[in-house]
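Good morning, and thank you for coming. I would ask you to look at the sequence and the structure together while I speak.

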Amino acid sequence: MDKKELEQIAGMLEQASERVAEFSKETYSASFQKYVQDNAHIWRMLADIWEGNDTLREKNGAEVAQCLAAAAQEQLDAAKGRAKKENIRLNINLYMVSYFFPAMIAYQRRCGGREEEMYRLTAVISDKWEECFGQRIQAADYESVQSGFKHKLCFVTTAVCQGLKKPQDCRELTLMKRYRDEYLLHIEEGDTLIREYYDIAPTIVKRIAREASPGEKYLYLWDTYISKCVSFVENNENEKCRNLYEAMIEELKEEYMVTDRHKQ
């Protein structure tokens with residue numbers, strides 16, 4: 001790839017704060033559609049560079065991943081203070097998983113292209129992200145992100161309840177959503193936790209669904225974590241709920257997002 005192409009791709013990260021500011025239930029859909037359309041030349045470029053033989057793909061993918069990671073690092077280096085750096089880090093991660101990756105996939109889908117190839121390119125970018133920042137961002141499509149506004153922290157809880165044939169308005173989901181809205185969103189670290197969960201939960205849910213026996217995993221999560229979290233919420237033991245839910249997410253991250261079989 002030439003220098004101009006890489007600069008254009010890296011420059012996409014300059015939109016991170018503006019796009020994240022539009023990341024809400026009311027504005028995301030229109031914001032995303034405009035984002036895809038306005039930057040069609042970037043998605044076309046990324047599709048084109050992923051053509052060719054394996055050697056060329058590997059070279060082009062590595063260059064794209066490196067230029068994006070370098071652009072993110074440049075923003076972090078320019079920030080003053082740990083709190084500012086953390087906010088920029090979260091914004092960039094959220095931008096990548098809610099705008100950049102989904103747009104790559106959406107463009108391929110609209111053009112009748114091979115969207116599975118874009119998932120492969122997102123995996124290369126994610127590998128570089130983990131190498132540079134110690135975090136792994138994951139691709140989801142627009143539909144998965146959009147549906148997340150209904151669930152947020154309850155992504156995993158919703159999937160488990162659905163897997164166990166519980167209704168959408170079941171007591172457990174209602175309690176966990178109330179816990180999110182009435183407690184977690186109002187504590188100092190709550191918004192940060194929800195944004196971090198949002199980065200990974202859609203991917204975890206998709207990978208559970210692809211298991212040979214997802215019902216067994218849903219039952220395990222229910223017995224080990226979610227039913228106990230519900231009991232904690234009922235008894236106003238909110239911190240115990242938070243600690244247990246975090247333990248569940250950490251276990252799921254280790255199983256579905258860190259192991260070598262999910263990096264292929």
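How confident is the prediction in terms of mean pLDDT? The mean pLDDT of the protein is 84, and 93% of its residues reach 70 or more. Confidence is highest in helix H3, residues 28–38, where the mean is 95. It is lowest in helix H11, residues 190–209, with a mean of 75. Over residues 259–264 the pLDDT falls below 50, and this stretch has 13 contacts in the model beyond near neighbours in sequence. Where pLDDT is low, the predicted coordinates should not be read in detail.

Let us now consider the second largest pocket. The space in the second largest pocket is about 360 Å³. Its lining consists of 18 residues, and those nearest the centre of the pocket are Gln135, Glu196, Ile200, Glu250 and Lys253. Which elements give two or more residues to this lining? They are helix H6, covering 82–110, together with H11 and helix H13, covering 238–258. H13 supplies the largest share, namely six residues. By residue type, the lining of this pocket has eight charged, seven nonpolar and three polar members. You will recall that H11 is also the helix in which confidence is lowest.

I move on to Tyr95, which lies in helix H6. Is Tyr95 buried or exposed? Tyr95 is buried, because its relative accessible area is 0%, and the limit for that term is under 20%. Leaving out residues up to four places away in sequence, Tyr95 touches Met12, Leu13, Gln15, Ala16, Arg19, Val20, Tyr35 and Phe100. Take Ala16 from that list: Tyr95 and Ala16 are 79 residues apart along the chain, yet their C-alpha atoms are separated by 5.4 Å. Take Tyr35 next: the side chains of Tyr95 and Tyr35 are joined by a polar contact of 2.7 Å.

A second residue of this kind is Thr157, in helix H9, residues 155–163. With a relative accessibility of 0%, Thr157 also counts as buried. What does the side chain of Thr157 make a polar contact with? The partner is the side chain of Tyr245, at 3.1 Å. Beyond its neighbours within four places in sequence, Thr157 is in contact with Leu173, Met176, Ile226 and Tyr245.

Ser231 lies in helix H12 and is partly exposed, at 32% relative accessibility. Ser231 and Glu172 are 59 residues apart in sequence, and from C-alpha to C-alpha they are 9.2 Å apart. Ser144 is placed in helix H8, residues 142–147, and is buried, with a relative accessible area of 14%. What is the distance in space between Ser144 and Lys217? Their C-alpha atoms are 21 Å apart, and the two residues are 73 places apart in sequence. Phe23 is in the loop between helix H2, covering 16–21, and H3. At 16% relative accessibility, Phe23 counts as buried. Phe23 and Arg180 are 157 residues apart along the chain, with 18 Å between their C-alpha atoms.

Finally, I turn to backbone angles. Most residues other than glycine have a negative phi. Lys165 has a positive phi, near 65 degrees, and is not a glycine. Where is Lys165 found? Lys165 belongs to the loop between H9 and helix H10, the latter covering 171–182. Lys165 counts as exposed because its relative accessibility is 73%, and the term applies over 50%. Asn236 likewise has a positive phi without being a glycine, with a value of about 60 degrees. Asn236 is found in the loop between helix H12, which covers 214–234, and H13. With a relative accessible area of 63%, Asn236 is exposed.

Please locate the pocket lining, to which H13 gives six residues. Then look at the buried residue Tyr95 and its polar contact with Tyr35. Last, find the loop that holds Asn236. Thank you for your attention.

Notes. Residues numbered from 1 in each chain as written. Predicted model: local features only at pLDDT ≥ 70, side-chain atom pairs only at ≥ 80, totals over all residues. Heavy atoms only, no water. pLDDT = per-residue confidence, 0-100. Helix = DSSP H or I, 4+ residues; strand = E, 2+ residues; numbered from the N terminus. Contact = heavy atoms within 4.5 Å. 1 Å grid on protein atoms, 1.4 Å probe; cavity = no way out; pocket = protein on both sides within 12 Å on 5 of 7 lines; lining within 4 Å. Points joined across faces, edges and corners; volume = space filled by probe spheres on them. Nonpolar A, V, L, I, M, F, W, Y, C, P; charged D, E, K, R; others polar. Buried < 20%, exposed > 50% of the residue type's maximum accessible area, 1.4 Å probe, protein only. Polar contact = N/O pair within 3.5 Å; in protein donor to acceptor, adjacent residues only side chain to side chain.
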